[in-house]
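I would like to walk through one model, beginning with the chain as a whole and ending with a few individual residues.

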Amino acid sequence: MSNDFIRDWFDGGRDPAQDDPVRAARLGMKPPLPKRFYGDVSIGEVGGRHAVLLDGRPARTRGKAILAGPNLAVAELLAAEWAAQTAEINPATMPATRIVHAALDSVAQAMDEVRADILKYAASDLVCYRAGDPVRLVEQQKQHWDPVLAHIRARYGAGFLLSEGITFVNQPGESLERLSPRLWAVSEPIALSALHVLTTVSGSALIAIAVADGALDARAGFDAGECDADYEASVWGIDEETAERRALRLTDFKAATALLLAMGG
């Protein structure tokens, strides 16, 4: 089996529907996970980058790019995921690899579009839309979101307007312009891919930037993005499927943060 097998599996791995015959019938089942086809995992320099080697041969992405990072720290994150696979290879347990695959096969060819998408999130950012009640939710939003806005204001001189409820508020164009250099300064596709993951998982470009800047650690950033959902769960409870999806989002968020740290933010 070739080491680009993951082209059919880069959507998060095993679907919970496989273990539920009713959901499986409704949603359709994915084929079994592929067997591990390699023994040794190592790192070697290929084309000036640090590549993951499977039995001495470079691992490749769906687009045939060599799975490699700009430094040893990134390659070590990737290699650890490949080495941790057992009898089967489960992409759900390889979040850094998935992010790098996306970076090399897609983001590298659309850097400006990805930057613009992140900035679009900032224009209607999660942390700007506040609840009027209940008091506990209002306080939780302040606790998680006010430090994000404070960091963005202090670091970039960008102030953002708040809105109560879902009423749309036009953010100052000047504030968005002041964030633009931060995004356009990200020249490495892997770093931009990781930043985009932080943005989409949290629903907030401002949270993503705060994490990338080191103002929040991965857990604090993730919890900020989950603030509303966690409040709802505390009131109504959470089912197994929702808990599983949350755990996968946390895994991706931590992996994206780790990649950014490995690349210096």
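If we take the contacts in the protein chain between residues at least 6 apart in sequence, 67% of them join residues at least 24 apart. Please keep in mind throughout that this is a predicted model, and that the numbers I quote are computed from it.

In terms of secondary structure, the protein chain has 11 helices and 6 strands. Of its 265 residues, 46% are buried, and the accessible surface of the chain comes to about 12,700 Å², with 54% of that area belonging to carbon and sulfur atoms.

Let me turn to helix 11, which runs over residues 240-262 and so has 23 residues, since helices here are taken as DSSP runs. From its first C-alpha to its last it reaches 33 Å, which is close to the 33 Å expected at 1.5 Å a residue. Its buried residues include Arg246, Leu250, Phe253, Leu259 and Leu260, and Asp252 is also on that list. What covers the buried residues of this helix includes helix 2 (72-84) and helix 3 (95-105), together with helix 7 (189-202), helix 8 (205-212), helix 9 (218-225) and helix 10 (227-236).

Leaving aside neighbours within four places in sequence, Asp252 is in contact with Pro95, Arg98, Ile99 and Val197. Thr251, which also lies in helix 11, is partly exposed, with a relative accessible area of 31%. Not counting residues up to four places away in sequence, Thr251 touches Ala92 and Pro95. Thr251 and Pro95 are 156 residues apart in sequence, and yet their C-alpha atoms are 6.9 Å apart in space.

Next, the empty space inside the model. Rolling a probe the size of a water molecule over the atoms shows where empty space is left. How many cavities of 30 Å³ or more does the count give? The count comes to 1 cavity of 30 Å³ or more, and the largest cavity has a volume of about 30 Å³. The residues that line the largest cavity are Arg182, Val186, Ala191, Leu195, Ala212, Leu260 and Gly265, and by class this lining has 5 nonpolar, 1 polar and 1 charged residues. Leu260, one of those lining residues, is also one of the buried residues of helix 11.

Finally, some points about the backbone. Most residues other than glycine have a negative phi, and most peptide bonds are trans. Against that background, a cis peptide bond joins Asp133 and Pro134, with omega at about -5 degrees, and Pro134 lies in the loop between strand 5 (129-130) and helix 5 (135-156). Asp55, although it is not a glycine, has a positive phi of about 50 degrees; Asp55 sits in the loop between strand 2 (49-54) and strand 3 (57-58), where it is partly exposed, with a relative accessible area of 45%. Lys64 is not a glycine either, and it has a positive phi of about 75 degrees; the place of Lys64 is in the loop between strand 3 and strand 4 (68-69).

Key
Residues numbered from 1 in each chain as written. Predicted model: local features only at pLDDT ≥ 70, side-chain atom pairs only at ≥ 80, totals over all residues. Heavy atoms only, no water. 1 Å grid on protein atoms, 1.4 Å probe; cavity = no way out; pocket = protein on both sides within 12 Å on 5 of 7 lines; lining within 4 Å. Points joined across faces, edges and corners; volume = space filled by probe spheres on them. Nonpolar A, V, L, I, M, F, W, Y, C, P; charged D, E, K, R; others polar. Helix = DSSP H or I, 4+ residues; strand = E, 2+ residues; numbered from the N terminus. Buried < 20%, exposed > 50% of the residue type's maximum accessible area, 1.4 Å probe, protein only. Contact = heavy atoms within 4.5 Å. Areas by Shrake-Rupley, 256 points an atom, 1.4 Å probe, with all protein chains shown as cover. Expected span 1.5 Å × (residues − 1).
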